[in-house]
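Hi,

Here is the structure I promised to pass on.

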Amino acid sequence: MFQELLQQAIKGDHKSIARCISLIENEVPGFEALFSTMNTEKSAPVVGITGPPGAGKSTLVDQLIGSYVNEGKKVAVICIDPSSPFNFGALLGDRIRMSEWYNHPSVFIRSLASRGSLGGLHPMVIEITDFIRMCNVDVVIVETVGVGQSEVEIAGLADATVLVLVPEGGDEIQFMKAGLMEAASVFVVNKSDREGADRFTILLKSMLHSSGRFADDGSNNVVNTVASTGEGIEALRECISNVLVENTSIEKRIPLLARRAYRLIEKRRMADINIQLLVEELTDLVKQQKFNLYQFINKYK
Ligand SMILES: Nc1nc2c(ncn2[C@@H]2O[C@H](COP(=O)(O)OP(=O)(O)O)[C@@H](O)[C@H]2O)c(=O)[nH]1
Ligand SMILES: [Mg+2]
């Protein structure tokens, strides 16, 4: 039964794709095994879009979808919202931002809540992304709110990671974590219609230059956009394409694959361990006089 559904999804049938994602999301027994039979090498590139809330990520994604669709390309979008009080609002906002595309035959959009790891990505996001990229699409876009480690996580997931910044973040940028700098390969200064955009762009370029992150000075990897009007979208497309081409080299791909493999192995190894279970086990043990935490964890070797 899965096999037939899978075949329809791989041909690009949106309903079947949605059903398959639900099966993966809910970790339905038997479905995971199908991954081993799939050709994960023959698949569409994944573009990650990350950055602080309100930076204009969804507005940019909306424009990017338009740009791809105009070229006759098929696009899949995954929006990941952090489990937070803002979750619902963010979801609604994204729906409004991308409303034009929800029923378009060339566009598949799916929102995922980020349950599980605090502020991190959805626990099945690697599998879901790997799945969608095989479903007869030309590109997969993953939008995540950059909170804590999720930018770094997305770097292992995407073939090109775009960090969206806004001029207002002038002070923040000076404290930009090294991990974040490493994680992204395209830096967008969105809301370039706002005051301070030029100064911010100069600051960003000089930071990238002195970080030594790129073989050149990195200025080719900085793009100014006004997502709300579409300004700079073609430049962004070009920058993303260049990075995607660079990242198809073996040297660039292996570290990305290693990160994905690491996350998948980690999840598999930790599958039977969770805090609630540990609390239950500890409840009885701690009452004993001679409780030793290190003895306790020995059984998890
Ligand atoms: N002035 C200006 N506003 C923008 C621009 N891009 C997005 N916005 C607005 O910024 C707000 C947040 O955008 P949204 O795409 O939802 O941000 P996200 O949280 O990063 O996905 C919305 O009200 C957008 O209309 C821009 O380039 N210039
Ligand atoms: Mg958004």
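Helix α1 (residues 2-11) packs against α2 at an angle of about 125°, and their axes are 7 Å apart. Axes here are lines fitted to C-alpha atoms, for helices over the stretch in contact, and angles run from 0 to 180 degrees between N-to-C directions. That angle makes α1 oblique to α2; angles under 35 degrees count as roughly parallel, over 145 as roughly antiparallel, 65 to 115 as roughly perpendicular, and the rest as oblique. The crossing of α1 and α2 is left-handed (left-handed if the near helix is turned anticlockwise from the far one by less than a right angle, right-handed if clockwise). On the α1 side the contact involves Leu5, Leu6, Gln8 and Ala9, which meet Ser16, Ile17, Arg19 and Cys20 in α2. Sorted by class, that contact has five nonpolar, two polar and one charged residues. For the classes, Ala, Val, Leu, Ile, Met, Phe, Trp, Tyr, Cys and Pro count as nonpolar, Asp, Glu, Lys and Arg as charged, and the others, Gly among them, as polar. Two residues are in contact if their C-beta atoms, placed from the backbone, lie within 7 Å.

Before going further, please keep in mind that this is a predicted model: local features need pLDDT of at least 70, side-chain atom pairs count only at pLDDT 80 or more, and totals for chains, interfaces and linings use all residues. Residues are numbered from 1 along each chain as its sequence is written, while chains are lettered from A and ligands numbered from 1 in the order in which they are written.

Helix α2 (residues 14-25) also packs against helix α6 (residues 125-132), at an angle of about 155° with the axes 10 Å apart. α2 and α6 are therefore roughly antiparallel to each other, and their crossing is right-handed. From α2 come Ile17, Cys20, Ile21, Ile24 and Glu25, and they meet Glu127, Ile128, Phe131 and Ile132 in α6. This contact has seven nonpolar, no polar and two charged residues.

**Around the ligand**

Which residues are the closest to ligand 1? They are Gly56, Lys57, Ser58, Thr59 and Ala227, out of 16 that surround ligand 1 (a residue counts if its C-beta atom, placed from the backbone, lies within 6 Å). The elements that give two or more residues to this shell are α4 (57-70) and α5 (87-97). α4 gives the most, with three residues. By class, the shell has four nonpolar, seven polar and five charged residues.

α4 also packs against helix α11 (residues 233-246), at an angle of about 75° and with axes 10 Å apart, so α4 and α11 are roughly perpendicular to each other. Gln63, Leu64 and Ser67 of α4 make the contact with Ile233, Glu234 and Arg237 of α11. Leu64, in helix α4, counts as buried, with 24 C-beta neighbours inside 10 Å. The cut-offs: buried means 20 or more other C-beta atoms within 10 Å of a residue's own, exposed means 12 or fewer, and partly exposed is in between, with C-beta atoms placed from the backbone. Not counting residues up to four places away in sequence, Leu64 touches Ile141 and Ile233. Leu64 and Ala227 are 163 residues apart along the chain, but their C-alpha atoms are separated by 9.3 Å.

**Some loop residues**

Most residues other than glycine have a negative phi. Glu27, in the loop between α2 and α3, has a positive phi of about 50° although it is not a glycine. Lys191 has a positive phi of about 55°, and its place is in the loop between β6 (186-189) and α10 (197-211). Are these two buried or exposed? Glu27 counts as exposed, with 12 C-beta neighbours inside 10 Å, whereas Lys191 counts as buried, with 25.

Ser43 is in the loop between α3 (31-35) and β1 (46-51), and is partly exposed, with 18 other C-beta atoms within 10 Å. Leaving aside neighbours within four places in sequence, Ser43 is in contact with Arg133 and Met134.

**The whole chain**

The chain has 14 helices and seven strands, which are DSSP runs numbered from the N terminus (helices H or I, at least four residues; strands E, at least two). Of its 301 residues, 35% count as buried.

Cheers
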